[in-house]
Amino acid sequence: MRGGERVLERLLHLFPEADIFTHVYDPARVSRAISARKVTTSFIQKLPGARRHYQKYLPLMPMALEELDLRGYDLVISSESGPAKGVITAPDALHLCYVHSPMRYLWDHYHAYCEDAGAIDRALMPFLFHRLRTWDSASASRVDRFLANSRFIQRRIERAWGKASSVVHPPVDVELFAPSGEVGAGYLWVGQLVPYKRPDLAVAAFNRLRLPLTLVGDGPMAARLRRMAGPTVTITPRLDFAALRKHYARCRGFVFTAEEDFGIAPVEVMASGRPVIAFGKGGALDTVLEHETGLFFHEQSVEALVDAVLRFEAWHPGFEPAAAIRHARRFSPATFDAGLLRALA
């Protein structure tokens, strides 16, 4: 249950009779709102190890999508971050594609994925991914209208597929968050401990600053980060939702070091009445208002983040929690609903 699944939940709220089509489905890992619907899977569901290692079947996904029978539907909404838009719809059906991101591993992150791949995968990727890019671009012509989850993704859609799109930000349930009367001196970082999210920048910067930082998350970088962490840095693998809400509302500031397609966490923090220090690229440019709800740093380096925290400390006394809460409400589920229905009008 991550960002894409939350969007799916909202689509199901808007279209209560809708059916779901997907490659692989594990009902135990999704919400009741999703599992209560009719779910049809592609043939990939039946392949060995598909629930855990579905990514390994990427070369088969274009064929699997085209085998799904959607003839009975007059509206098809594809939710795209891997191959989803390549379905074949009825001639008179409207196909709306909501894009979380064009496939990163085919386009702008391709060389990074190659570097991290094993020797066999690295040898095969140039041949397989060249063919997948051709299909990915061609299948964009099957879509009637595109929606992007941020201006960053809007530009990537145009670059990868040559298609225009409108921006409709994903729904964030901002009413679940509230400010606290108790705000501490510590900063907060939340996310998966994976390289592209750059938690190492936060640890190194706060080691240097000797300011308190709590990292909440787990992942392949966890052991390395624990070795890096100085006395002012605490690493917590996970928090339940109630504890996370409390950390959001009581942190001095939220540190966001990743270049994300959108990034829900900064919106949740602002809905809690707290400011954000964000890397000034990607979706954060849509969600954070500089000098009003937070500050940006423009290079993923320890020096740039240290400088941003020092600027933040000088700026912080003028921060108004009410302004952050008002701004966060622009990303409510109702705003998402209105934008999506407008695209269908």
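Good morning. By contact I shall mean heavy atoms within 4.5 Å of each other. Axes are lines fitted to C-alpha atoms, and an angle between two of them is taken between their N-to-C directions, from 0 to 180 degrees. With those terms settled, we may turn to the structure, which is a predicted model.

I begin with helix α11, residues 264–271, which lies across β10 and β11 and runs at about 175 degrees to β10. These two strands belong to an open sheet of 6 strands, ordered β9-β8-β7-β10-β11-β12 and paired in parallel. At the edges stand β9 (233–236) and β12 (294–297); each has a single partner strand, so one side of each is left without a neighbour in the sheet. On average, and ignoring direction, neighbouring strands here are turned by 20 degrees against each other.

Let us follow the pairing through the sheet. Strands β7 and β10 run parallel and are joined by 2 bridges, with Tyr 187 opposite Gly 253 in β10. Between β10 and β11 the pairing is again parallel, over 3 bridges, and there Phe 254 stands opposite Val 276 in β11. Strand β11, residues 276–279, then pairs in the parallel sense with β12 over 4 bridges. In that pairing, Val 276 faces Gly 294 in β12.

How are the two faces of β10 covered? Gly 253 and Val 255 are buried on one side, and Phe 254 and Phe 256 are buried on the other. As a general point, side chains in a regular strand alternate between the two faces of the sheet.

Arg 198 sits in the loop between β7 and α8, and its phi is near 55 degrees, a positive value in a residue other than glycine. Arg 210 sits in the loop between α8 and β8; its phi, near 60 degrees, is also positive in a residue other than glycine. Are these two residues buried or exposed? Arg 198 is partly exposed, because its relative accessibility is 22%. Arg 210, with a relative accessible area of 70%, is exposed.

I turn now to the aromatic residues, which form 13 aromatic pairs. One of these joins Tyr 187 and Phe 206: the ring centres are 5.1 Å apart and the planes stand at 55 degrees, so the pair is tilted. The pair links distant parts of the chain, since Tyr 187 is in strand β7 (residues 187–190) and Phe 206 is in helix α8 (residues 199–209), 19 residues apart. Tyr 187 counts as buried at 1% relative accessibility, and Phe 206 is buried at 0%. Elsewhere, Phe 177, Phe 241, Tyr 248, Phe 254 and Phe 256 form one aromatic cluster.

Nonpolar side chains in soluble globular proteins tend to be buried together. In this model the largest nonpolar core has 55 residues, and Leu 213, Leu 215, Tyr 248 and Phe 254 have the most contacts inside it. Helix α13, residues 302–315, gives the most to this core, with 8 residues. Leaving out residues up to four places away in sequence, Leu 215 touches a set that includes Trp 189, Leu 193, Val 203, Leu 225 and Ile 235.

There is also an open sheet of 4 strands, in the order β3-β4-β5-β6, with parallel pairing. Its edge strands are β3 (75–80) and β6 (166–167), each of which pairs on one side only. Strands β5 and β6 pair in the parallel sense over 2 bridges, and Leu 147 has Ser 166 in β6 as its bridge partner. Helix α15, residues 333–344, lies across β3, β4 (94–99) and β5, at about 145 degrees to β4.

With a relative accessibility of 4%, Asn 149 counts as buried. What does the side chain of Asn 149 lie 3.5 Å from? A polar atom of that side chain is 3.5 Å from the backbone oxygen of His 100. The side chain of Asn 149 also makes a polar contact, at 3.5 Å, with the side chain of Ser 150. Beyond its neighbours within four places in sequence, Asn 149 is in contact with residues including Tyr 98, Val 168, Pro 170, Asp 261 and Phe 262.

Notes. Residues numbered from 1 in each chain as written. Predicted model: local features only at pLDDT ≥ 70, side-chain atom pairs only at ≥ 80, totals over all residues. Heavy atoms only, no water. Buried < 20%, exposed > 50% of the residue type's maximum accessible area, 1.4 Å probe, protein only. Polar contact = N/O pair within 3.5 Å; in protein donor to acceptor, adjacent residues only side chain to side chain. Phe/Tyr/Trp six-rings, centres within 6.5 Å; stacked < 30°, edge-to-face > 60°. Pairing = 2+ DSSP bridges. Core = buried A, V, L, I, M, F, W, Y, C linked by side-chain atoms within 4.5 Å.
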